[in-house]
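Try each task yourself before you read its solution.

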Amino acid sequence: MHPLRILDRLEEILIASLMAGATLLIFVAVVHRYASSIDALYPITAAIHLSWAQELCIYMFVWMAKFGAAYGVRTGIHVGVDVAVNQLPPAWRNRIVLFGLFCGALFTAVVGTMGARFVYGLVDTDQTTPDLEIPSWIVYLAIPLGSYLMCFRFLQVAWSFWRTGELPHHDPGHVEGVVESPHAAEDLARDLANETRTGGTAR
């Protein structure tokens, strides 16, 4: 498998795992809190300590957001206003799009470098998180890792745009992994036409 494809898959697995884990943890914490208010269940729930759950969820969402931003650059799901840019001649449009992508790469590289310096300074300290008591530098490691990955994605998109003239575009109707058959689309269109013609009795 191509190294970039491996990186893409790892990125997707990390984001999906963090999202699923945080959602499950929040659900368990809410159920635990509700059950603790019931007298019959209190002896059981009192022995289960979930005071760390909120802190862990915050950290998971921070990591998910940093890597999700890089995923958004790769797939083109970030919101952008390109009405004015699209009105320009193709040559000028291409220059401005590349300039914007390189600005994004520069900004994320700066943020990643500053984050790396901050994390490096935390490594030699004994600073830990309040509830989980894990080293703080592990939590803040999301900043340089996510920012550098986002920088790489900006450069990757810029390279692809320079070669093909196309930017990544997200189709909300497309489900990854599902092969879209043109025959299936034609069958669906024919069924809808028949349904309209017969007053909704087709199919």
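**Exercise 1.** What percentage of the 203 residues of the protein count as buried?

*Solution.* Keep in mind that this is a predicted model. Buried means under 20% relative accessible area. Of the 203 residues, 25% count as buried. Now try the cut-off on two cysteines. C57 has a relative accessible area of 7%, so C57 is buried. C151 comes to 12%, so C151 counts as buried too.

**Exercise 2.** How many helices and how many strands are there in the protein?

*Solution.* Go along the chain and note each element in turn. The pattern reads α-α-α-α-α-α-α-α. That gives eight helices and zero strands.

**Exercise 3.** Are helix 1 and helix 3 roughly parallel or roughly antiparallel to each other?

*Solution.* Start with the geometry: the axes of helix 1 (residues 3–36) and helix 3 (residues 53–75) come within 9 Å and cross at roughly 150°. Angles over 145 degrees count as roughly antiparallel, and therefore helix 1 and helix 3 are roughly antiparallel. Their crossing is left-handed.

Next, look at who touches whom. Helix 1 contributes residues including L14, L18 and L25, while those of helix 3 include C57, F61 and W63. Sorted by type, the residues of this contact divide into 18 nonpolar, two polar and four charged.

**Exercise 4.** How many disulfides does the count come to?

*Solution.* A disulfide is a covalent bond between the sulfur atoms of two cysteines. The test is a pair of cysteine sulfur atoms within 2.5 Å. By this rule the model has zero disulfides.

Methods:
Residues are numbered from 1 along each chain as its sequence is written. This is a predicted model: local features need pLDDT of at least 70, side-chain atom pairs count only at pLDDT 80 or more; totals for chains, interfaces and linings use all residues. Side-chain values use heavy atoms; hydrogens and water are left out. Buried means under 20% relative accessible area, exposed over 50%, partly exposed in between (1.4 Å probe, protein chains only). Axes are lines fitted to C-alpha atoms, for helices over the stretch in contact, and angles run from 0 to 180 degrees between N-to-C directions. Helices (H or I, at least four residues) and strands (E, at least two) are DSSP runs, numbered from the N terminus. Angles under 35 degrees count as roughly parallel, over 145 as roughly antiparallel, 65 to 115 as roughly perpendicular and the rest as oblique. A crossing is left-handed if the near helix is turned anticlockwise from the far one by less than a right angle, and right-handed if clockwise. Contact means heavy atoms within 4.5 Å. Ala, Val, Leu, Ile, Met, Phe, Trp, Tyr, Cys and Pro count as nonpolar, Asp, Glu, Lys and Arg as charged, and the others, Gly among them, as polar.
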